[in-house]
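Here's a quick tour of some charged side chains and the partners they pick. Have the model open as you read.

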Amino acid sequence: MIRSLVVGLALGLMPAANAAPVRAQGKATASETKEPSLAGARARALRRARRTALETALSQLSVPIDGEARKDVLAAADAWTGAYRILSEHGDGEAVNLEIEVDIDLVRLTKRVAKRDPAASGRPVFRLAEVTATPACGDVEAVRAMVRTELSGQGSVALDGKGPALTVALECQPLGPVQHTYLRAARVRITGSSGGQAVAELSVPAFATTPEEAVTAAIQRALSDASSQLRARRSGHVRVQVRAPLPSERIRRLETAMRNSVLGVDEVEVGALSRGVVELHVRGTLSAKELARKLGELSLPGFSLTIVDVDPPDALTIRLE
């Protein structure tokens with residue numbers, strides 16, 4: 001049953017639309033350090049190739065990139081490039097040259113480094129306090145540093161101030177090798193609590209070439225998803241009244257399109273139903289005016305929408321046609 005679970009996770013977590021294979025090369029020589037070693041040269045060549053692959057992926061993104069976010073991502077290259085394959089390796093006793101192919105999740109990468117409008121984001125509600133992690137998560141200080149960097153870097157928490165204290169707990173579980181692949185799997189459960197109540201809670205699996213890197217990748221994914229939940233609580237929501245919502249399939253398609261295609265939208269849910277009108281609660285970083293502009297540019301399958309009215313700062317009305 002465990003083997004079936006892990007294989008199922010592998011099939012469900014590597015959609016072609018998200019994971020982009022990026023090729024890169026890395027080279028290192030044994031004499032680069034005071035204690036020359038071919039094993040050390042190979043490790044350095046691999047690190048350089050993985051960083052180069054991540055830099056290539058960043059250069060392919062079509063959104064304005066935040067410089068600090070880019071630095072944070074490159075500093076955590078192991079978390080973003082854990083799923084790699086060595087395509088070729090050449091050595092002459094002194095130098096090692098590697099070519100690799102790395103699977104990089106471009107959707108998550110875009111969300112992590114996209115430049116955010118400070119006026120739209122505001123200040124986080126929560127102040128990061130205690131961070132705990134189970135032994136399987138690795139070095140606890142490194143994990144704490146990662147939590148601070150990711151949550152504060154994405155504008156989800158403050159590191160000081162008088163906001164409500166947020167405690168973060170991580171539980172890490174290596175799941176072993178994935179059958180018929182070169183990958184290892186891991187799962188991380190993250191819980192953010194404030195005032196004795198959970199304000200962000202989720203469980204995330206991930207894959208990488210080694211067990212340790214699979215855990216690191218899962219931590220990064222968990223922090224990314226937790227950031228979205230925390231930003232939603234910070235930013236409140238925009239109330240979208242939908243006129244002419246029938247057939248109901250249109251509402252589901254609209255929810256999916258907004259969630260997947262509108263940068264700044266973290267969650268969409270039905271908030272209220274009345275005769276001829278559906279109210280959607282849209283959580284994220286957008287004001288009603290900004291959301292209206294982006295909805296006007298949205299392509300929908302089989303129907304369109306018209307902006308009827310915008311009532312700043314948090315309400316708008318649309319009609320489906």
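## Arg-253 and its partner

Arg-253 is partly exposed, with a relative accessible area of 36%. In this predicted model, its side chain meets that of Glu-249 in a salt bridge (3.6 Å, N to O). Both sit in helix α9 (residues 249–261), 4 residues apart, so about one helical turn separates them. Glu-249 counts as partly exposed too, at 33% relative accessibility.

## Another pair within a helix

Over in helix α3 (residues 67–75), Lys-71 and Glu-68 are 3 residues apart, about one turn of the helix. Their side chains form a salt bridge at 3.7 Å, N to O. Lys-71 comes out as exposed because its relative accessibility is 55%, and the cut-off for exposed is over 50%.

## Across the chain, and the wider tally

Glu-32 and Arg-48 make a salt bridge of 2.6 Å, N to O. This one links distant parts of the chain: Glu-32 is in the loop between β1 (19–29) and α2 (38–59), while Arg-48 is in helix α2, 16 residues apart. Glu-32 is partly exposed at 36%, and Arg-48 is partly exposed at 36% as well.

The structure has 23 salt bridges. Some join up: Arg-23, Arg-85, Glu-99, Glu-101 and Asp-103 are linked in a network.

## A buried arginine

Where does Arg-112 sit? Its place is in helix α5 (residues 106–113), and at 3% relative accessibility it counts as buried. The Arg-112 side chain makes a polar contact with the side chain of Glu-150 (2.9 Å). Beyond its neighbours within four places in sequence, Arg-112 contacts several residues, including Asp-72, Trp-80, Thr-149 and Gln-154.

Key:
Residues are numbered from 1 along each chain as its sequence is written. This is a predicted model: local features need pLDDT of at least 70, side-chain atom pairs count only at pLDDT 80 or more; totals for chains, interfaces and linings use all residues. Side-chain values use heavy atoms; hydrogens and water are left out. Helices (H or I, at least four residues) and strands (E, at least two) are DSSP runs, numbered from the N terminus. Buried means under 20% relative accessible area, exposed over 50%, partly exposed in between (1.4 Å probe, protein chains only). A polar contact is a pair of N or O atoms within 3.5 Å; within protein, one must be able to donate a hydrogen and the other to accept it, and residues adjacent in sequence count only if both atoms are side-chain atoms. Contact means heavy atoms within 4.5 Å. A salt bridge is a side-chain nitrogen of Lys or Arg within 4 Å of a carboxyl oxygen of Asp or Glu.
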